[in-house]
Structures are given as structure tokens and as C-alpha cells.
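Thanks for asking me to take a look. Here are my notes, written for someone opening this one for the first time.

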Amino acid sequence: MQKTLFISDLHLTPKRPDITDCFVRFMRTEAIDCDALYVLGDLFDFWVGDDDDSEFALKIQAEFRQLTLAGVPCYFIHGNRDFLVGRRFARRTGVTLLAEEHVVDLYGQKALLLHGDTLCTQDVRYLAFRKKVHQPWLQWLFNRLPLFIKRKLVSKIQQDIRQDKQHKAMEIMDVTPDEVQQRLQHHSVSLMIHGHTHRPDIHRHSYGTRVVLGDWYEQGSVGVFTPNGFTLEKRAF
Ligand code: LP5
Ligand code: MN
């Protein structure tokens, strides 16, 4: 059967072997049979850089390598937790890194793919933070630090900003409808697929459809696109 699979917000970490096991099962038994796999960001809980040579980092990369070697095209859009996935990761895995907004043709229907963080325009503190950490010169500098220093820096920053998120209202952390409409119009498409908000749903509006992928905190979540349409499905741990 023709199908294209979408996943996001797995937040893979060595601390959650249950998520990793579900992901490995998904890759080996399900993704192996699909036309293409799209990862729409936050695959990792945090990715400190392509120099991460931990057993865990290598294991996840090996799963993608096996899939692409088997002839399944894999694509990746950065999330807010894995914006440091880079060219070395892509080379090692055979995964194609896409721009932050990518239009794909799915069996004749065009769809705009993105992580979803940039749609939350009310979250101005996050967007300012994002702008900072996306500066190429800062990433260049950060990538040259030893791995253990990068890990320390990341956990320090994570600690420092944890409070900030706790004080945000839920609606601030959801997409801004006007922004959704604008991005669809900009790309002249009527379908958008994203993750990030962890509020899986299919929203149908007069100006288009917005599919939100689910996270992998308590189960696997997969967006399945076939020539007959889209379904959001769960996979038990
Ligand atoms: O993913 P989720 O749902 O938990 O939260 C996101 C937003 N949070 C983040 C933070 C990352 O998860 C962790 C960042 C670690 C940073 C390491 C940087 C290493 C340096 C790299 C240099 C190249 O993405 C959260 C959103 C939420 O989604 C919903 O959309 O609200 O945003 C925040 O909480 C961000 C705060 O609001 C920003 C606070 C400003 C603090 C300024 C610190 C400056 C640090 C500068 C770093 C160079
Ligand atoms: Mn995210």
C-alpha cells in the first residue's frame, strides 16, 4: 500500500528506553515499508551536536542508516530541541535535511511541512531565544566547544529557562491562526503538517487543513498519509 509517514516530538533520550524501543520497532517494522519518512523535529530530547559519540546517539543514527540503505527516503526538519542536527548526521544516516518550511507533493496533494514553533507568534520570548540560537556564528562557535562543555552549557540554560515556560499561558504556546493562514497562502497550498504543540488533531478551516502530529511521551504517534487521505495513529509502547 502506498503510504508516507510523519513523526515528530519523540524527544528520544537514554532516560526513556520505552520511547526508544517503540521508535526502533516503528523503524524496523513499519517505516521499512513506506514510500518516505518525514521527521518534523524534536526527534531528540536535546541534540548537542553531531560530535555526540554516545552509544545512544550512534544507535539512533544506525536505525536511520538501515532505513535509507533499504531504499526508504528519510527527511528531517529541525525542531526547537534538535536545531543542531547537522551535515555530519545527514551524511552518517542518509537522511536529507530540509529547510524550516518545505512543500511536498503527497500523491498529488501539496502540503507545507514545518516543525510548528514558528507558528506560535505570541510566544515572543521563545521566538527571541530562537533567533539567538539560530545565529550561524553562534552555532559555529558552539560546535567547536568540547562535548562535555556543550552538555554542561545546555543543561545550565535548560535549568535557567525552565521557570520561564512554566509561567506561560497555554494559548501563548499554541499556533496563531492568522500565521497559519499566512504561511499557507505564502506557499499557495491548502494543507499543513506540523508538530511541536503536542495537541494532535486535524483542523479543517475554509482556507485549508492543519494536521498536528502527536508526541511520544506515553505512546508512539504516527501520521499516515495515503492516496485516500490522512490519519493520526497511536502505537503502544
Ligand atoms: O520544547 P518545549 O515544549 O519544552 O519548549 C519549547 C521552548 N523551549 C525551548 C528550549 C529548549 O528546549 C532547550 C534549550 C537549550 C538551549 C541550549 C542552547 C545551546 C546554545 C546553542 C548556541 C548555538 O525551545 C519554549 C516554548 C515552548 O516550546 C512552546 O512553544 O515556550 O520556549 C522557552 O521556554 C524559551 C524561553 O521563553 C526563553 C527564555 C529566554 C532566556 C534567555 C537565555 C539566553 C540564552 C542564550 C543562549 C545562547
Ligand atoms: Mn518542539
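The points below go through the ligand, its neighbours and the pocket around it.

1. Before anything else, keep in mind that this is a predicted model. Every value below is computed from that model.

2. Start with ligand 1, which has 20 residues around it. If you want to click on the closest ones, go to Arg81, Asp123, Asp164, Lys168 and His196.

3. For Asp164, an N or O atom of the side chain is 2.6 Å from an oxygen atom of the ligand. Lys165 is worth a look as well, with a side-chain N or O atom 3.0 Å from an oxygen atom of ligand 1.

4. How much of ligand 1 does the protein cover? On its own, the ligand has 1100 Å² of accessible area, and the protein covers 85% of that.

5. Now the make-up of the shell around ligand 1. Sorted by class, its residues are 10 nonpolar, 6 charged and 4 polar. Helix 4 (124–133), helix 5 (136–143) and helix 6 (147–166) each put at least two residues into this shell. Helix 6 gives the most, with 6 residues.

6. Where does ligand 1 sit? You'll find the ligand in the largest pocket, whose volume is about 1400 Å³.

7. The lining of that pocket takes in 39 residues. Nearest the centre are Asn80, Arg81, Tyr126, Phe129 and Ile161. Arg81 is a handy landmark here, as this residue is also listed among the closest to ligand 1.

8. Which helix gives the most to the pocket lining? That is helix 6 again, with 9 residues. By class, the lining divides into 18 nonpolar, 13 charged and 8 polar residues.

Notes: Residues are numbered from 1 along each chain as its sequence is written. Chains are lettered from A and ligands numbered from 1 in the order in which they are written. This is a predicted model: local features need pLDDT of at least 70, side-chain atom pairs count only at pLDDT 80 or more; totals for chains, interfaces and linings use all residues. Side-chain values use heavy atoms; hydrogens and water are left out. A residue is near a molecule or strand if one of its heavy atoms lies within 4 Å of it. A polar contact is a pair of N or O atoms within 3.5 Å; within protein, one must be able to donate a hydrogen and the other to accept it, and residues adjacent in sequence count only if both atoms are side-chain atoms. Accessible areas come from the Shrake-Rupley method with a 1.4 Å probe; for residues, only the protein chains shown count as cover. On a 1 Å grid over the protein atoms alone, a cavity is a set of points where a 1.4 Å probe fits but cannot get out, and a pocket is an open set with protein on both sides within 12 Å along at least five of seven lines; lining residues have an atom within 4 Å of a point. A molecule sits in a cavity or pocket if more than half of its atoms lie within 2 Å of its grid points. Helices (H or I, at least four residues) and strands (E, at least two) are DSSP runs, numbered from the N terminus. Ala, Val, Leu, Ile, Met, Phe, Trp, Tyr, Cys and Pro count as nonpolar, Asp, Glu, Lys and Arg as charged, and the others, Gly among them, as polar. Grid points are joined across faces, edges and corners, and a volume is the space filled by probe spheres set on the points.
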